[in-house]
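I opened this notebook page to record what I looked up in the model. The entries follow in the order in which I made them.

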Amino acid sequence: HEYLTPQEALTNFAEFCSPSEDILMVAQNTPFDVKFINIAFRRAGLQVPDDVAIDTVVIFKKFLSPVVLDLEKKLNNGEIPEEQVPQVKHILKQLLKISDDNKKSTTVSLGPIRTAFNVQDEGWHNALADVIMLARVMKEIINFLDKNEFVGTLDYSKETEVAGPPEI
């Protein structure tokens, strides 16, 4: 096999990820990955790219967490269609967290979200497997939100601002 040097691989990566209409970099917990990417570029003596990456943690905090909290209220008030109750209970079991002092929050960790939306475990800490799982999770969340009218009633304009994704 012929292998690329680190400089060649990173240069190819930077060219592939450079901002364009066709490419949007999305990752779960982007700051973690960006840190390693930046270190690799510096070690190779290359300029760190200034591309922007979208962090799905931010998306989940801003849009999925309020839905989960609202689903619990609607379930408790009997506002979930009977045929959807098992799925909603499954989602809540995976994503709703109650602290010792009875405060409710949600997790935005990919593992529980993957389980909540019945996405197959493709293996962890393998770049391709992580990308496949994240894409499938996003697709399942969008399908769930799109198919179920009872989750489309949130007013996101009242939500607190969430910091945008870090730049690479």
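**Entry 1: Gln28.** I located Gln28 in the loop between β1 (25–27) and α2; helices (H or I, at least four residues) and strands (E, at least two) are DSSP runs, numbered from the N terminus. The model is predicted, so I note that local features need pLDDT of at least 70 and side-chain atom pairs count only at pLDDT 80 or more, while totals for chains, interfaces and linings use all residues. Residues are numbered from 1 along each chain as its sequence is written, and side-chain values use heavy atoms, with hydrogens and water left out.

Is Gln28 buried or exposed? Gln28 is buried because its relative accessible area is 16% (buried is under 20%, exposed over 50%, partly exposed in between, with a 1.4 Å probe and protein chains only).

I then looked up the polar partners of Gln28. Its side chain makes a polar contact with the side chain of Thr56 at 2.4 Å (a pair of N or O atoms within 3.5 Å; within protein, one must be able to donate a hydrogen and the other to accept it, and residues adjacent in sequence count only if both atoms are side-chain atoms). A polar atom of the Gln28 side chain also lies 2.8 Å from the backbone oxygen of Val108. Leaving aside neighbours within four places in sequence, I found Gln28 in contact (heavy atoms within 4.5 Å) with residues including Asp33, Asp55, Phe60 and Leu134.

**Entry 2: helices α3 and α6.** I recorded that helix α3 (residues 56–76) and α6 pack at about 35°, their axes 13 Å apart; axes are lines fitted to C-alpha atoms over the stretch in contact, and angles run from 0 to 180 degrees between N-to-C directions. The contact is made by Thr56, Ile59, Phe60, Leu64, Val67 and Leu71 of α3 and by Leu134, Val137, Met138, Ile141, Phe144 and Leu145 of α6.

**Entry 3: aromatic pairs.** My search of the whole structure returned two aromatic pairs (ring centres of Phe, Tyr and Trp, the last by its six-membered ring, within 6.5 Å; planes under 30 degrees apart are stacked, over 60 edge-to-face, the rest tilted). Phe32 and Phe36 form an edge-to-face pair, 5.0 Å centre to centre with 65° between the planes. Both lie in helix α2 (residues 30–43), four residues apart. Phe32 is partly exposed at 45%, and Phe36 is partly exposed at 46%.

The rings of Phe117 and Phe144 have centres 5.7 Å apart and planes at 70°, so that pair is edge-to-face. Phe117 is buried at 5% relative accessibility, and Phe144 is buried at 5%.
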